[in-house]
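I opened this notebook to keep track of what I looked up, one topic per entry. The structure comes next, and my entries follow it.

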Amino acid sequence: MSASLDAGGSRPPQTTDPVPTPASRRRTRERLAELRGPAVPPRPLDARALAALAANPGCRRRALLDGAGVDKGALAARLGSPAPFGQSQFAIVRGNSFEAKVKADGGRELLRLFGVEDPGAVSVPDLSASGPEGRTARTALALREATAAGGWTLLDHPLLTLEVAGSPVHLEPDAVVVDPAGRWTVVEIKSFPMVDGAADAAKVGAAARQAAVYVLALERVAALTDGAEVGHAVLLVCPKDFSNLPTASVVDVRKQRAVTRRQLERLTRIEEIAEALPEGLSFDVRECSAERLEAAVEAVPHAYAPECLAACEMGFHCRSRAREADAVQTLGRAVRGELGGLTTVGAVLGAARGEHGDPEDPAVAALRRARALRQEALDEAGAAACR
Amino acid sequence: MSLIAHLARMEAVEAGRAQPLATVRHRHLSARPLVLVPLTTAGEAGAPLGALVGTDPEEPRLLVVPQPRDRELRFAFLAELAEEVLPYVDGHTEAVELVEKNRTDPETGTKSRVEVELCADAPQLIVPSRAGIEYVRLLGRSTRFRRTAEQDPDTPYPAPPRVPLLGRWLTHYGERARVPGSSLLLAATDLLNRHWATGQSSLEDQHLGALLAWIDPAGDEPGAVGAHRAELGRDERGQLLCPPAGPATDPAFDNQLLAPAIEAYDRARQAVGAAEDGEAAEAALAGLHRAEREVRRLVASQLKPAWDAVWRALGLLRELPEGARVADRWTRDRWSFTAHRDRIAAGEPPQPRRDDAVTAAAKLAAREQAQGQLDAQEALDDPLVLAGRRLSGEAFTGEVAEVLMAWTESRRPAPRPLLTVRTEDRPHLDAGVRVYRSLGGKPQAAEFVAREEDGSLVLRLLDRMGRAKEPAEGTVPEKGERIAWTLFEHDTRVGPKLPDPEDTPWTHGGPPRSAEGELPDAVTPEDLL
Amino acid sequence: MTVYDPTVPDPAAAAAKATAAILESTLHGTARGVVVDSPPGAGKSTLVVRAALELAAAGRPLMVVAQTNAQVDDLVLRLAEKQPDLEVGRLHSSDGDPYDKALDALEHVRKSAKAGDLSGLPVVVSTAAKWAHVKNVEPWAHAIVDEAYQMRSDALLAVAGLFERALFVGDPGQLDPFSVVGADQWAGLSYDPSASAVSTLLAHNPELPQHRLPVSWRLPASAAPLVSDAFYPYTPFRAGTGPGDRRLAFGAPSDGSAADRVLDEAAESGWGLLELPARHTPRTDPEAVHAVALVVRRLLDRGGAAISERSDAPVPLTADRIAVGTAHRDQAAAVREALAGLGVSGVTVDTANRLQGREYDVTVVLHPLSGRPDATAFHLETGRLCVLASRHRHACVVVCRAGVADLLDEHPSTEPVRLGVTVKFPDGWEANHAVLSHLAEHRVPWTP
């Protein structure tokens with residue numbers, strides 16, 4: 001039955017992108033490095049960033065900047081709209097102490113959350129190695145050994161690799177548990193509470209999308225490991241109620257996995273986006289003037305929606321551009337629904353006032369009726385107030 | 001959001017300031033509401049940082065937890081909060097009116113009239129934003145199961161006496177806030193957003209400072225400019241000009257200002273503990289007071305702008321006349337308040353952690369009914385709301401072009417006059433569909449009969465014309481009258497009575513386990529310093 | 001548990017075997033409840049009528065719970081048709097015009113607004129809403145709950161005290177029940193009042209026997225595999241007829257227009273996609289509405305005839321055998337107006353919600369995502385597309401603007417996740433893509 005779960009992957013591709021070859025990938029990598037600035041190290045993508053791609057998959061600007069490893073926060077600051085994101089040190093301290101508590105007692109506490117009261121010996125292999133490649137290899141070896149051993153193993157901060165748009169991305173889940181049957185389960189440790197078994201659904205959703213990225217990365221390793229299977233349910237560990245005691249809930253991430261996989265596949269589009277850019281553009285936040293950066297950013301179309309403000313460092317910059325362009329979408333994605341081909345506030349208001357627009361167009365007709373009814377009601381209320 | 005509301009947003013973009021979404025006020029505002037602006041500690045549920053609370057905009061009470069990880073200080077905060085909130089609540093429990101109600105004897109099924117108390121007014125709690133409402137729920141949940149030393153002499157960390165009671169009231173208010181149209185606990189942002197459309201999205205409208213920049217701008221400043229400053233503007237130290245309206249703080253505030261102040265407070269406390277003689281102790285205590293004052297000053301600096309903004313919002317809303325049916329909904333809120341007062345007086349246990357099947361279903365039914373009623377009442381109270389329903393084909397306004405008397409064909413004929421109504425609106429009418437108008441505050445029904453060639457609608461009036469053959473005076477519209485008709489009913493029907501929880505059927509897991517009172521939450525030692 | 005049984009190659013035999021097992025569980029089993037999943041056109045109504053008659057024959061007082069008055073009246077008519085001398089009670093509301101006047105002609109059907117008037121009858125039928133008001137009566141020995149997946153958990157709570165045991169029948173692939181107010185606070189609870197009656201029932205009684213009707217008699221061989229894969233990935237079903245058993249023929253040949261070509265494609269393959277150029281449009285896209293109306297007009301003009309197992313001779317495709325499905329009411333209204341403008345009457349035009357449970361020879365569907373600038377949860381809802389794509393016996397023509405695949409790809413997926421809530425599969429996104437990619441093989445570009 002699991003085959004039908006993969007229906008998303010087995011459908012014929014909708015776009016006619018040419019299959020990327022190693023040579024074209026190398027070209028893209030070079031082009032992206034050029035765009036980022038040859039001396040600027042790429043900003044590493046992490047699982048959170050990959051999961052966030054799903055927030056606005058139609059945005060070419062975000063896809064390109066992320067694909068090229070541009071530091072969007074620095075870029076936004078250079079453009080005069082610094083992202084208002086930050087983390088309180090109180091939250092960081094609390095999060096770290098909670099994670100330490102969850103992993104205490106040689107992993108037995110964590111296995112208790114799995115519902116295993118007496119796991120016998122829990123193996124917690126040392127995963128330290130030099131460099132990300134070394135750590136990735138060490139993790140893969142530990143996973144193989146754990147699967148072959150047939151006991152319980154806790155991998156604390158393993159390092160996984162996933163190829164994204166031609167470049168390897170290193171990912172570090174909080175933990176992965178290997179059970180005696182060889183099933184690998186991702187563990188996400190979060191510091192928001194589960195109160196009476198319920199938690200903030202938006203935060204759980206974000207955690208599930210992040211965990212789905214780890215699941216995908218683990219699947220690459222599992223494909224090369226005998227007897228291994230990656231669980232599509234992850235264990236979300238949170239503080240219970242108002243305490244510092246951990247509690248856990250199993251979260252089915254099949255949907256998020258399917259979504260993320262499809263977003264990652266679509267990142268190949270970056271090649272296409274990069275190819276379409278004029279020569280000489282640069283997003284080099286160290287070398288370029290603000291004007292040059294601004295022009296470079298303008299060359300890549302955005303798909304701003306108000307949700308971006310909380311999800312993307314460029315959000316406020318794109319909002320100001322979208323407002324300058326008078327785009328109706330600044331008022332929310334849903335606003336476009338009944339406006340048909342009208343995409344600017346000016347066009348909508350002009351159509352509503354009867355200044356332009358085809359009265360046969362139902363959107364125009366509805367706007368005119370809406371304006372007339374609104375005006376009638378306001379006049380009526382005004383008259384009533386005068387009486 | 002309907003097209004008509006989207007249009008209002010676009011008009012706001014063009015005008016640079018908010019546009020009306022309502023011509024009357026659709027929520028009750030108490031003459032003396034209690035405003036609560038809470039702040040919480042990042043990364044930790046149920047660790048309050050401070051609050052401003054009170055009924056006088058000029059005299060807020062400042063409550064601060066100088067070290068939020070200290071359970072004793074948290075309890076002290078909650079005790080102080082209880083001393084602010086509970087007297088305000090208690091001030092509404094005494095004055096009552098007596099109301100006659102139908103009562104059915106559960107044993108015999110006989111019905112009788114009884115007089116019951118209804119509190120003459122109810123306390124109203126206002127918070128800055130939706131997150132504030134959520135925080136009220138969280139505070140309620142975190143405190144209502146606490147045990148006081150009196151309840152349980154063995155409890156390791158007894159809560160101050162009135163804290164569990166505070167939790168029960170906050171829980172009740174948090175739960176009531178989920179009922180559409182209720183006004184016991186309101187968020188200032190929700191109140192403003194109900195009555196005005198800004199030139200930004202509903203997501204951005206959750207920021208109280210930005211919202212006010214559109215609705216009540218400083219001078220001629222365009223809304224977008226003021227809102228942008230409220231969202232992002234920072235002073236030379238990198239602190240927000242308009243701090244968030246809570247309960248979350250700005251990370252820059254936490255990291256740059258609050259964390260050092262709390263560390264200084266911790267050090268000062270240690271110094272008090274380490275003082276070896278009276279003189280040193282006195283100096284250390286003075287240091288501790290200084291350190292505490294500094295934390296208080298910082299917390300107040302974050303709270304005060306939101307406090308002022310909430311009162312400003314209330315002032316703006318008071319300028320709108322109250323909708324005619326708002327008082328009716330407030331009466332329901334008073335019933336809700338009275339019922340909870342009675343439950344507490346009767347010594348019932350605190351609200352359980354999760355609803356049982358019957359309670360959940362009953363709440364859902366009550367809220368759906370409240371939603372239907374709210375939608376209808378707002379449209380009847382406000383031509384601007386009605387305009388939205390007219391646009392969507394759920395209502396129409398038209399002039400009576402003709403009245404043709406007709407009667408039923410029974411032995412005692414009853415009047416069923418036919419009205420021809422001329423309207424430009426396009427209601428979704430099929431033969432037999434009922435429409436309603438308000439006649440002296442009560443709905444009068446008619447049914448759609450046919451559409452004339454010229455587009456006029458023929459309606460047959462069905463009720464409220466008295467018992468005689470001739471309709472009572474003033475019950476049949478006259479030619480030339482302009483009348484608003486709705487396709488929706490003005491009162492929503494009360495749903496079926498559900499079984500008692502102890503009769504929960506097998507399909508829903510049978511009766512819930514006996515409610516012998518819920519255990520208090522587990523305590524973790526590391527929360528105690 | 002009935003499973004897809006490849007050892008029974010004959011669909012009629014497979015269906016009969018499933019039905020026999022269901023009746024055995026219902027009449028002679030010990031469980032308090034029996035659940036039957038019925039994919040589109042799998043003979044749910046037939047099963048309900050048969051189970052009702054057998055329970056009545058066994059002397060077990062039976063109440064039947066349906067969701068709408070139309071469903072109740074339809075059921076009463078079917079019962080009376082199968083067994084005219086059976087005493088059936090029709091419990092109705094006290095509003096004006098509470099039931100179908102056709103019931104007045106039935107001698108053994110008693111109608112009343114009071115349950116007490118109908119006590120002692122072998123079968124009493126009513127809506128869930130009306131049953132919920134029935135109090136202080138002896139419980140019925142048995143109940144049949146029809147369209148149980150469209151019934152909300154709280155509605156079941158209100159009536160479950162009225163019966164000892166029950167047969168729950170419904171289609172899990174159609175539209176889920178919904179609430180007009182938020183119900184998030186109960187998400188994850190086994191008795192979440194806004195969830196479907198079946199999910200609550202099974203959460204509390206996981207041991208209940210669950211059966212499945214394995215054969216769709218409505219959907220042709222061209223449609224059953226697609227609908228089964230896209231909407232019922234874990235509970236596959238098959239068509240009761242084979243390829244070629246159902247055909248559609250036209251008296252008049254194609255005039256070469258896009259409408260005629262898409263009709264020919266649909267007649268040939270069971271599916272047709274009439275694709276309009278990509279454009280963002282309001283919901284009542286005049287061009288798409290016109291295209292829908294024109295397809296219907298041509299379908300009638302060309303003298304369509306349906307050839308199926310039901311009759312030896314071709315049956316003329318009349319207006320009453322055709323339906324148009326839309327997502328929104330205003331779209332349905334616009335199509336009705338356009339049809340009237342082309343002189344067409346008698347064709348059913350309705351939204352997915354109202355087409356649930358209905359059956360036609362040919363359907364013309366205005367795709368829910370056609371021309372939209374954005375997809376919403378409403379438009380992506382799996383059940384909506386499933387209803388629209390599974391009403392036909394012969395062919396389904398979908399009218400849609402190009403660009404929906406891109407729209408789906410650019411749809412943000414940032415849904416909140418509630419702990420403890422079972423993830424519903426298939427996902428609307430996946431199902432939409434599956435249907436679209438199948439339709440793409442039957443694409444005819446629109447040329448005005």
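**Entry: a cut-off before I start.** I count a residue as buried if 20 or more other C-beta atoms lie within 10 Å of its own C-beta, with the C-beta atoms placed from the backbone. I also note that this is a predicted model.

**Entry: positive phi in chain C.** I looked up E147(C). Its phi is positive, near 50°, and it is not a glycine. Is E147(C) buried or exposed? It has 24 C-beta neighbours inside 10 Å, so E147(C) counts as buried. I found E147(C) in the loop that runs between β6 (140-145) and α5 (153-159) of chain C.

**Entry: positive phi in chain A.** Next I went to D326(A). This residue is not a glycine either, and its phi is positive at about 65°. D326(A) sits in the loop between α15 (315-324) and α16 (345-353) of chain A. I read 17 C-beta neighbours inside 10 Å for D326(A), so it counts as partly exposed.

**Entry: a helix in chain C.** I then followed α2 of chain C, residues 44-57. This helix has 14 residues. From first C-alpha to last it reaches 20 Å, close to the 20 Å expected at 1.5 Å a residue. Which residues of α2(C) are buried? I listed K44(C), L47(C), V48(C), A51(C), A52(C), L55(C) and A56(C). They cover an arc of only 160° around the axis, so they lie on the same side of α2(C). After α2(C) comes G59(C), with a positive phi near 75°.

**Entry: a sheet in chain C.** I traced an open sheet of three strands in chain C, in the order β11-β13-β14. The pairing is antiparallel. β11 (247-250) and β14 (315-316) of chain C stand at the edges. Each has a single partner strand, so one side of each has no neighbour in the sheet. I checked one pair further. β11(C) and β13(C), residues 304-307, are joined by four bridges. In β13(C), A305(C) is the bridge partner of A249(C).

**Entry: chain B as a whole.** I noted twelve helices and 15 strands in chain B. Its C-alpha trace spans about 105 × 65 × 45 Å along the principal axes. Chain B has 529 residues, and 43% of them are buried. I also looked at contacts in chain B with a separation of 6 or more: 65% of them join residues 24 or more positions apart.

**Entry: domains of chain B.** Chain B is divided into domain 1 (3-247 + 304-351) and domain 2 (393-486). How many Å separate the centres of domain 1 and domain 2 of chain B? I read 43 Å, taken over C-alpha atoms.

**Entry: two loops of chain B.** I found a cis peptide bond between G246(B) and P247(B), with omega about 0°. P247(B) lies in the loop between α7 (223-232) and α8 (251-274) of chain B. Then I turned to S392(B), in the loop between α12 (383-391) and β10 (395-404) of chain B. S392(B) has 19 other C-beta atoms within 10 Å and is partly exposed. Its C-alpha is 8.3 Å from that of R426(B), a residue 34 positions away along the chain.

**Entry: an enclosed helix.** I came back to α7(B). Why is α7(B) largely enclosed by the rest of the structure? Seven of its ten residues are buried, so I could see the reason. I wrote them down as G223(B), A224(B), G226(B), A227(B), H228(B), A230(B) and E231(B). The buried residues of α7(B) pack against α1 (3-15) and α6 (208-215) of chain B, and against α15 of chain A.

**Entry: domains of chain A.** I closed with the domain assignment of chain A. It gives domain 1 (4-40 + 57-82 + 269-325), domain 2 (89-263) and domain 3 (333-386). The centres of domain 2 and domain 3 of chain A are 52 Å apart, taken over C-alpha atoms.

Methods
Residues numbered from 1 in each chain as written. Chains lettered and ligands numbered in written order. Predicted model: local features only at pLDDT ≥ 70, side-chain atom pairs only at ≥ 80, totals over all residues. Pairing = 2+ DSSP bridges. Buried ≥ 20, exposed ≤ 12 C-beta atoms within 10 Å, placed from the backbone. Contact = placed C-beta atoms within 7 Å. Domains from an automatic or database assignment. Expected span 1.5 Å × (residues − 1). Arc of directions from axis to C-beta.
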